[in-house]
Amino acid sequence: MKIFHGNIVTCNWKGAVYNYLVEEEGRIVYVGDDLPVVYRDGYYYDYEWVELGSKALLPSFGDGHIHFSNWAVFNATFDVRQATSFNELGDIIKDYATRDKKAKVLFGYGHSSHSVKEKRLINRSELDKIVKDRPVFLVCYDGHSAVANSKAIGILPREIRSMRGFDLESGQLFNEAFLQAVDFISGKIPLPTLVSYLLQGIDSLAAYGVGLAHTVEGIGYPRDMDVDLVRFLARSTPLQFRTYFQTMELEKVLKRKLPRIGGCFSCALDGAFGTKDAALVEPYTDNQNNSGILFYRDEVINQFVQRANRAGLQIQLHCIGDAAVVQAVNALEAALKDYPRNDHRHTLIHAALIPEKSMEKIAALNIGVNIQPGFLISPLEPPGYLESIIGDRLRNVWPIKKMLEMGINVSGGSDAPVGLPDPLVGVSGACRHFIPENSVEITDALCMHTYNIAHTSFDEAERGSLEEGRLADMIVLSGNPMETDTRNLPELRVEKTYFSGEEYTGGKTISQAIIEGVRNRELST
Ligand SMILES: [Zn+2]
C-alpha cells in the first residue's frame with residue numbers, strides 16, 4: 001500500500017485536485033481531501049508514505065496517435081529536428097556514424113526546411129560531403145519525404161528509382177518512391193536490432209510518462225511485421241498499446257481479431273500541409289492551381305468505412321484539409337446510417353480544418369477528433385508558414401475550446417516521429433494555441449492527454465484518471481502543472497512512472513521480453 005500526500009491532480013472530467021491518494025494492490029482505493037481514519041497510523045503498519053511537496057501525482061499520460069515502430073527506430077538512431085543549419089545536421093549524422101559502426105544504413109529523421117537557416121532541404125551532393133562511404137537516408141519531419149546520399153541511392157532497387165517521386169539530381173524522394181524506399185531501408189535493419197529498438201522505445205515512452213499508446217502500424221516493414229511485433233512485445237510490458245492497423249483490407253484486421261482499423265498512409269484521405277497536398281475546398285493561398293490531393297474517390301472511402309463499420313471495427317481516418325474532413329465525416333455519417341452503432345468511437349486524426357457543417361455532424365454523431373497540440377508550438381511548421389499557404393483559414397485551425405464546448409471528445413497525440421512523444425509539449429501547446437481564443441485551460445489540456453485518450457480506446461473505466469477503483473497507473477511530476485506557467489510545462493520532468501502501483505524500471509532484455517510475450521497471451525490487443 002502507498003499513501004500519497006500533496007497535489008493529486010486527478011484529470012477526471014471535473015478537473016478535481018485532492019490532497020490524498022491511497023493505492024493498494026495495484027488499484028486506487030481512495031482519493032480525497034481528508035485521509036480516512038482507516039488509513040491513518042495504527043490500522044495499517046505496512047505502507048509507504050509518499051510526501052509530494054511541490055511535486056504532483058497525475059494519471060500516466062496517453063499518446064492518442066503515435067507511429068510507434070517508426071518512431072522507435074529514429075529514437076534509437078538519430079534525429080535532426082534540433083539542427084538549425086546544414087552544418088549542425090551534418091554533425092548529428094557524423095556523430096551517429098561513429099556511434100554505430102555496424103548500421104548498414106544511417107537511417108535518421110526530422111529534416112525540415114523551416115527549421116534550418118538555409119530554408120530549403122539539403123540535397124544529395126551536400127549529404128555526400130557529410131558522409132560519402134555509407135548510405136545516408138534522412139526522412140523529413142512530415143514523414144512523407146526523404147533525402148538520400150549517393151551511396152543510399154545506389155542500394156535502392158531499380159523499380160524504386162523509376163517510381164513517381166524519385167529525383168536523382170536532388171536525392172529527394174516523395175510519394176510512392178518514398179514509401180517503397182522506406183520499406184526497403186527498414187528491411188535492412190536486422191530483426192534483433194529492431195526488437196531492441198522497440199524495447200528502448202517502450203522505456204522512452206514510459207520515461208515521458210506515457211502509459212497508454214494508440215499506435216498506428218502497418219507501414220514501413222515487409223509483411224506488416226510491425227503490427228505483429230508491436231502487439232507481441234506489448235504483452236511483455238505494463239505500458240498499454242492499442243494497435244490501429246493502417247490498411248483498407250479488412251481481412252488483415254479480422255484475421256488477427258483486432259478491434260481497430262485505420263490511421264495514416266493507406267488510410268490517409270489526403271496529404272499534409274508540409275507537402276502542400278492536404279486537400280482543401282478552396283485552393284492554396286500561394287498557388288491558385290493547387291487544392292491539394294484527395295487520395296481516394298468518395299465511393300472508395302464510403303465503401304471502406306461502411307464495411308469496417310458493419311464489421312464492428314473502430315475506425316480512424318487521417319484527414320487534414322477541409323475537403324478531406326468533409327469526405328471523412330460524410331463517409332462516417334453514411335456508414336452509421338447504414339448500420340447504426342451506439343458507441344462506435346470512430347475518430348478523425350488531425351482534422352486541422354473542419355467546416356462548420358462537418359463540426360456539427362461530428363458532435364451529433366459522437367465522432368472523436370485526435371489532434372496534435374504540440375504542433376501548435378513547433379518550429380518545424382510555424383504559423384507564419386501555415387498562413388503563407390492557407391491565408392485567413394489559419395484562424396480556423398483546431399478551435400479546441402469550441403470543440404470541447406460542443407461536447408466533442410478531443411484527444412491529444414504526438415504523431416511521433418512527426419512530433420516528440422512528450423505529452424507535456426502537447427499540454428503546453430493546447431494552452432498556447434497560436435490563435436489565442438482557440439486555446440484551452442490547463443485542466444482541459446491535461447484531460448485531452450489522459451482521460452480523453454483512454455475514452456477513445458474504451459479504456460476509461462480502468463485508466464486515464466485518478467479515481468477510486470481504477471488501476472494505479474500514475475506519474476510523479478517534478479512540479480504541479482496547475483501552478484506552472486503554461487510556457488514552462490515542457491520543462492517539468494516525469495520523475496516516476498507507476499503501472500498498477502509498481503514503479504516502472506524498464507531495461508528489459510530481448511530474451512526476457514520474448515519469454516514474457518509468450519507467457520502473457522491474454523494481454524494482447
Ligand atoms: Zn500520423
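A residue counts as buried when its relative accessible area is under 20%. Keep that cut-off in mind for this tour of a predicted model.

Select F107 and F137. Both F107 and F137 are buried. Their rings form a tilted aromatic pair, 5.9 Å centre to centre, with 55° between the planes. F107 lies in strand β7 (residues 106-111) and F137 in strand β8 (residues 136-140), so the pair ties together parts 30 residues apart in sequence.

With F107 and F137, they form one aromatic cluster.

**Stop two: another ring pair.** Go to F499 and Y504. This pair is edge-to-face, at 5.6 Å centre to centre and 75° between the planes. F499 is buried, with a relative accessible area of 4%. Y504 has 18% relative accessibility, so Y504 also counts as buried, the cut-off being 20%.

**Stop three: a charge over a ring.** Select R260 and Y244. The charged end of R260 sits over the ring of Y244, 5.7 Å from the ring's centre.

**Last stop: the zinc ion.** H65 (NE2), H67 (NE2), C264 (SG) and D415 (OD) coordinate the ion at 2.2 to 2.4 Å. Check the angles too: the four donor atoms subtend 85 to 172°, which makes the arrangement irregular. Along the sequence, the donor residues are spaced H-x1-H-x196-C-x150-D. H65 lies in strand β5 (residues 61-66), and D415 in the loop between β18 (410-412) and α15 (423-431), so this pair ties together parts 350 residues apart in sequence. Finally, colour H65 and D415: both are buried.

Conventions: Residues numbered from 1 in each chain as written. Predicted model: local features only at pLDDT ≥ 70, side-chain atom pairs only at ≥ 80, totals over all residues. Heavy atoms only, no water. Donors = N, O, S within 2.8 Å, 3.2 Å for Na, K, Ca; no water. Tetrahedral: all angles 85-135°; square planar, octahedral: opposite > 155°, others 65-115°. Helix = DSSP H or I, 4+ residues; strand = E, 2+ residues; numbered from the N terminus. Buried < 20%, exposed > 50% of the residue type's maximum accessible area, 1.4 Å probe, protein only. Phe/Tyr/Trp six-rings, centres within 6.5 Å; stacked < 30°, edge-to-face > 60°. Lys NZ or Arg CZ within 6 Å of the ring centre and 35° of its normal.
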